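Trainee: I am new to this structure. Could we go through a few parts of it together?

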Amino acid sequence: MLPPMGDMLKLIRWAVRIDRCNNVADFRLMARRRLPGPIFHYIDGGADDEVTYRRNTEAYERCDLVPNVLAGVESIDMSITVMGQKIDMPLFCAPTALQRLFHHDGERAVAKAAEKFGTMFGISSLGTISIEAVSTIKTPKLFQLYFHKDRGLTNSMIERCVAANFDVLALTVDTITGGNRERDLRTGFTSPPRLTLKSLLSFAMHPRWAANYFMREKFELPQLKDYVKEGSSISVSVGDYFSTMLDQSMNWQDAEDVRKKWGKQFCLKGIMSIADAKRAVDIGATGIMVSNHGGRQLDGSRSPFDQLAEIVNAVGDRIDVICDGGITRGTHVLKALSVGAKACSGGRFYLYALAAAGQAGVERALGNLRAEIERDMKLMGCQSVDQLSRVNLRFR
């Protein structure tokens, strides 16, 4: 869990170098120090009272691991295959929007870090570099598709992903309207940031961020720029963008049509019910991401980890199930894999690190979690991921 507020001020002076960032909480403090307030809170916040946001991590703490010993664990293999992609660790970088707001290298930094660690990364429809910019990265690539009212835009992104040899397409299905992200309402967050007296003061207090943002490559949304004016500026909140630009009539037939047009590994991101998981199988999806969008959409919804067992029981033998969100520790990954997830993914764990130190930060964050997973597998008495099972778990 993140440290209580009382400890944060004590830690904020300490977490100033990435070699002292030993966990997600350390990187969160460093990101808070380096980003203007509205941008930090865009990463850090959730919907409404942020109950679901907190629950996503707390859910793991209601589950205990039961280790075995004398298992000969000198050599550990944590590699997995998910949606046809062989990756070197069972955790990957989920697609997230607007990354060059957090660090000027944005998605390029995340892609290169993922490549170094042999894991998958994602680019969003609201990404700040083009699909083509990462086509040469030699690690599995996932594209997160938002289903726009403009079908020409939606089809264009699919076609560009095919041409750029992306491996997986993930259709996001839980953003039919924007969540009520009250932190963004309070801070006035927009993308790119509006120049107001309040925002200018925040920029002045973060001169390194401001210099990089204003003096480097112009901020834009390359997937959108040839179709909508929001390609260069979302002058409303991201929640309002979801509500006005995305197609609220999207249905299962649309999802199946996207899968057919894509023709490769296809995932639905945002599945939380057994009924929807079964429908995903029916339309030919090869993966589902059990996800509540990081607690940023429907507050009061279940955590992915709490819902994971039901979904794995229903469809886990027919489709790859990914547990997305709330992960801050290697033990969280092992618990999700023990329940039956094929892999885990997350956004904040690497976004805080990206904001803190760019590619070097993301590499440090991935390295920390890889080391935790390896150490925890040894402590669990497991030589490989396939030795993890529910036998190793007890729920409080």
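This is a predicted model: local features need pLDDT of at least 70, side-chain atom pairs count only at pLDDT 80 or more; totals for chains, interfaces and linings use all residues.

Trainee: How many disulfides does the structure hold?

Mentor: A disulfide needs two cysteine sulfur atoms within 2.5 Å. Cys21 is in no disulfide, and its nearest cysteine sulfur, that of Cys93, is 16 Å away. Cys63 is in no disulfide either, with the sulfur of Cys323 the nearest at 11 Å. For the structure, the number of disulfides is zero.

Trainee: Is Cys63 buried or exposed?

Mentor: Buried means under 20% relative accessible area, and exposed means over 50%. Cys63 has 1% relative accessibility, so Cys63 counts as buried.

Trainee: And Cys21, is that residue buried or exposed?

Mentor: The same cut-off of 20% applies. Cys21 has a relative accessibility of 0%, and therefore counts as buried.

Trainee: Are H13 and H14 roughly parallel or roughly antiparallel to each other?

Mentor: Helix H13 covers residues 304–315 and helix H14 covers residues 330–339. Their axes are 9 Å apart, at an angle of about 25°. Angles under 35 degrees count as roughly parallel. H13 and H14 are therefore roughly parallel.

Trainee: How many charged residues are in the contact of H13 with H14?

Mentor: H13 brings Phe305, Leu308, Ala309 and Val312, while H14 brings Lys335, Ala336 and Val339. Sorted by class, this contact has six nonpolar residues and no polar ones. The number of charged residues is one.

Trainee: Does H12 pass H13 in a left-handed or a right-handed crossing?

Mentor: Helix H12 spans residues 274–282, and its axis comes within 9 Å of that of H13. The two axes cross at roughly 35°. The crossing of H12 with H13 is right-handed.

Trainee: Which residues in H13 meet H12?

Mentor: On the H12 side, the residues are Ile274, Ala277, Lys278 and Val281. By class, the contact of H12 with H13 has six nonpolar, no polar and two charged residues. The residues in H13 are Glu310, Ile311, Ala314 and Val315.

Trainee: Which cysteine does Ser345 touch?

Mentor: Ser345 lies in strand S11, residues 343–346. At 0% relative accessibility, Ser345 counts as buried. Leaving out residues up to four places away in sequence, Ser345 touches residues including Leu91, Phe92, Met289 and Asp324. The cysteine among its contacts is Cys323.

Terms used: Residues are numbered from 1 along each chain as its sequence is written. Side-chain values use heavy atoms; hydrogens and water are left out. Buried means under 20% relative accessible area, exposed over 50%, partly exposed in between (1.4 Å probe, protein chains only). Axes are lines fitted to C-alpha atoms, for helices over the stretch in contact, and angles run from 0 to 180 degrees between N-to-C directions. Helices (H or I, at least four residues) and strands (E, at least two) are DSSP runs, numbered from the N terminus. Angles under 35 degrees count as roughly parallel, over 145 as roughly antiparallel, 65 to 115 as roughly perpendicular and the rest as oblique. Contact means heavy atoms within 4.5 Å. Ala, Val, Leu, Ile, Met, Phe, Trp, Tyr, Cys and Pro count as nonpolar, Asp, Glu, Lys and Arg as charged, and the others, Gly among them, as polar. A crossing is left-handed if the near helix is turned anticlockwise from the far one by less than a right angle, and right-handed if clockwise.
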